[in-house]
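Please look at the protein shown here, and let us read it together, one feature at a time.

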Amino acid sequence: MFDKSLERENRGPSRRRFLQLAAASALIPLLNLTGRQVRADGLPALEESNPIALGLAYKTTQEAAKSVEGYEEGRKCENCALYTPDNSGCRLFPANSVAPEGWCKAWVPKPS
Ligand code: SF4
C-alpha cells in the first residue's frame, strides 16, 4: 500500500512535467515563424558597394542618382515596378531592402 501511494506521488510530477514539455514543444514552430517574420520585415539595407548594386549604379538618394548617366528626374525605387513596398524590398535584391528614394539603372516603369 505504501509503495502504491508513493508510486502515485511520483507519477504526478512526472506527468505534469511531460505536459509542460509537450506544451513548450508545441510553441517552437510558432517561435520560428515569428523569427522569420521579423527577418522579412527587417531586411538589411542594400549597400551601394554591393557588387550587383555597383554594376547597376544603385544610389540611395535622388541627389546621388542625378550624377549617374541614364537617370531621369522622378524615377526612384518607390515608383519602380520591381519595388515591394511591404518590406521596402526589390525583386532584384531579395535579401535586402532598398531606399524608397533610391534608384538604379534597372528601374522599370509600373504598368499603367
Ligand atoms: S530595380 Fe527598381 S526598386 Fe530595385 S534598386 Fe533598381 S530602381 Fe530600386
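The dialogue below goes from confidence and overall layout to the sheet, the core, the ligand and some single residues.

Q: What kind of model is this, and how are its residues numbered?

A: Residues are numbered from 1 along each chain as its sequence is written. The model is predicted, so to speak of local features we need pLDDT of at least 70, side-chain atom pairs count only at pLDDT 80 or more, and totals for chains, interfaces and linings use all residues.

Q: What is the mean pLDDT of the protein, and where does pLDDT stay under 50?

A: The term pLDDT stands for the predictor's confidence in each residue, from 0 to 100. In this protein the mean pLDDT is 79, and 63% of the residues reach 70 or more. Over residues 23-40 pLDDT stays under 50, and the model has one contact beyond four places in sequence for them; two residues are in contact if their C-beta atoms, placed from the backbone, lie within 7 Å. Where pLDDT is low, the predicted coordinates should not be read in detail.

Q: Which secondary structure elements does the protein have, and in what order do they run?

A: Helices (H or I, at least four residues) and strands (E, at least two) are DSSP runs, numbered from the N terminus. Here there are three helices and three strands, and the elements follow one another as α-α-α-β-β-β from the N terminus on.

Q: How do the three strands pair in the sheet?

A: Two strands pair if DSSP finds at least two bridges between them. The three strands form an open sheet in the order 1-2-3, with antiparallel pairing, in which strand 1 (83-84) and strand 3 (93-97) are the edge strands, each pairing on one side only. Strand 1 pairs with strand 2 (residues 89-90) in the antiparallel sense over two bridges, and Y83 has C90 in strand 2 as its bridge partner. Strand 2 is also joined to strand 3 by two bridges, again running antiparallel, with G89 opposite S97 in strand 3. Strand 2 and strand 3 form a hairpin that has two residues between them.

Q: How many residues of the protein count as buried, as a percentage?

A: A residue is buried if 20 or more other C-beta atoms lie within 10 Å of its own, exposed if 12 or fewer, and partly exposed in between, with C-beta atoms placed from the backbone. Of the 112 residues of this protein, 16% count as buried.

Q: Which residues touch the most other members of the largest nonpolar core?

A: A nonpolar core is a set of buried Ala, Val, Leu, Ile, Met, Phe, Trp, Tyr and Cys residues joined through C-beta atoms within 7 Å. The largest one here has 13 residues, of which C77, V98, W103 and C104 touch the most other members. Leaving aside neighbours within four places in sequence, C77 is in contact with Y83, C90, V98, A99, P100, G102 and W103.

Q: Which residues come nearest to the ligand, and of what class is the shell around it?

A: A residue is near a molecule if its C-beta atom, placed from the backbone, lies within 6 Å of it. Of the 13 residues around the ligand, C77, C80, C90, C104 and W107 come nearest. Ala, Val, Leu, Ile, Met, Phe, Trp, Tyr, Cys and Pro count as nonpolar, Asp, Glu, Lys and Arg as charged, and the others, Gly among them, as polar. By these classes, the shell around the ligand has twelve nonpolar, one polar and no charged residues.

Q: Where does S88 lie, and why does S88 count as buried?

A: S88 lies in the loop between strand 1 and strand 2, and S88 counts as buried because it has 20 C-beta neighbours inside 10 Å. Phi of S88 is near 55°, which is a positive value in a residue other than glycine.

Q: Where is A45, and which residues is A45 in contact with?

A: A45 lies in the loop between helix 1 (2-41) and helix 2. Because A45 has 13 C-beta neighbours inside 10 Å, A45 counts as partly exposed. Leaving aside neighbours within four places in sequence, A45 is in contact with N96 and S97. A45 and N96 are 51 residues apart in sequence, and their C-alpha atoms are 5.4 Å apart in space.
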